[in-house]
Amino acid sequence: MTAILTSRMVAHPADSNTIDRYQATGGYEALRKALAMTPEAVHEEVKLSEIRGRGGAFFPAGVKWGFLAPTQPRYLVINGDESEPGTFKDRQLLERDPHQLVEGIIISAYALDCAKAFVYIRGEYPKPARRVQQAVEEAYAAGLLGDDILGSGFSLDVTVHLGGGAYICGEETALLNSLEGKRGEPRIKPPFPAVEGLYAKPTIVNNVETISNVPWIITNGGAAYSAIGPEGSRGSRMFSLSGHIRNPGNYEIVMGMTWRELIYDIGGGIPGDRDLKMWIPGGASAPWFTPERLDDLVTHDDVAAAGSMLGSGAVVVMDDTTCAVKAAHRIVRFFAHESCGQCTPCREG
């Protein structure tokens, strides 16, 4: 396998959060196309795309949708908690392109036969939450949310919920507890949320980036999406580059390039041309890589085989001035502080 295509910096015009800008660039055309299809056909396109969850677990979204229990009511919940240190991709999507997410929510809810959806946003994201709330209100005003959307007979209500600012609420069942007004603690599984989730009803929980891909998939077809990237890591993915890197920021890449290409060609390398000491490949929870891994491929399977994970897509680069012990200590202190105290190994250390 060789490096595939190129990357692009995720950038937006100043008014990218508005419905006028979104519709001027083809926004909500995918929704019109989806509403002319059957819900089953929409689900099949997402399954055919082979898109895997962008929140960290990397589970195939279309397969996950298929686990939804056939009872009503059922819910769609969008995980915008994004509490993993070093991760800021969803923040940009929420703040700069909220209508893409809203359109993805409506299409997904239609495919899942959900009449109610929730967007759970981390407590430290007030501006992104305001932007999403504004987008939801604009969608209601345009007849894209509420009763009988675009005369299709499908109805959907969306609620934006700001969390309390707890790392653990990024875990889907802790998020559901928080959404219900309970303490944010993970639930014992099974039952899984698709069977017994929010308010003990069938629930699908998907990440912001995952759902934001849905309009493109419907517009271009699931087969077109699955033709991008290597097997097991289809489509493009956003990575948050930070740390000792010349060009920090969010980059959308097609998986299959090497870490050397991501860090040096896209990220611009290390300021001062210092030596690379190590990097975190997928958020603070992920085991670190050292320079001998630079020519490994950026794919889910290759990273897993090397003993780490792509996780939330946060790549934190550290140069030779970094004390590995201090860096590890800082991360451990964060997780100790954010522990919900429910499980004995975590609570007792």
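A charge sits over a ring if NZ of Lys or CZ of Arg is within 6 Å of the ring centre and within 35 degrees of the ring normal. In this structure, Arg-122 lies over the face of Tyr-125, 4.9 Å from the ring centre. Arg-237 lies over the face of Phe-239, at 5.5 Å from the ring centre.

This is a predicted model, in which local features need pLDDT of at least 70 and side-chain atom pairs count only at pLDDT 80 or more, while totals for chains, interfaces and linings use all residues. Residues are numbered from 1 along each chain as its sequence is written, and side-chain values use heavy atoms, with hydrogens and water left out.

Rings can also meet one another. Rings of Phe, Tyr and Trp (its six-membered ring) pair if their centres lie within 6.5 Å; planes under 30 degrees apart count as stacked, over 60 as edge-to-face and the rest as tilted. By this rule there are 12 aromatic pairs. One of them is the tilted pair of Phe-59 and Phe-67, with 6.0 Å centre to centre and 45° between the planes.

Buried means under 20% relative accessible area, exposed over 50%, and partly exposed in between (1.4 Å probe, protein chains only). Phe-59 is partly exposed at 39%, and Phe-67 is partly exposed at 48%.

Trp-259 and Phe-289 form an edge-to-face pair, 6.2 Å centre to centre with 85° between the planes. This pair links distant parts of the chain, 30 residues apart: Trp-259 is in helix α12 (residues 259-266), and Phe-289 is in the loop between β8 (276-280) and α13 (300-305). Helices (H or I, at least four residues) and strands (E, at least two) are DSSP runs, numbered from the N terminus. Both Trp-259 and Phe-289 are buried.

Elsewhere, Tyr-75, Phe-118 and Tyr-199 form one aromatic cluster.
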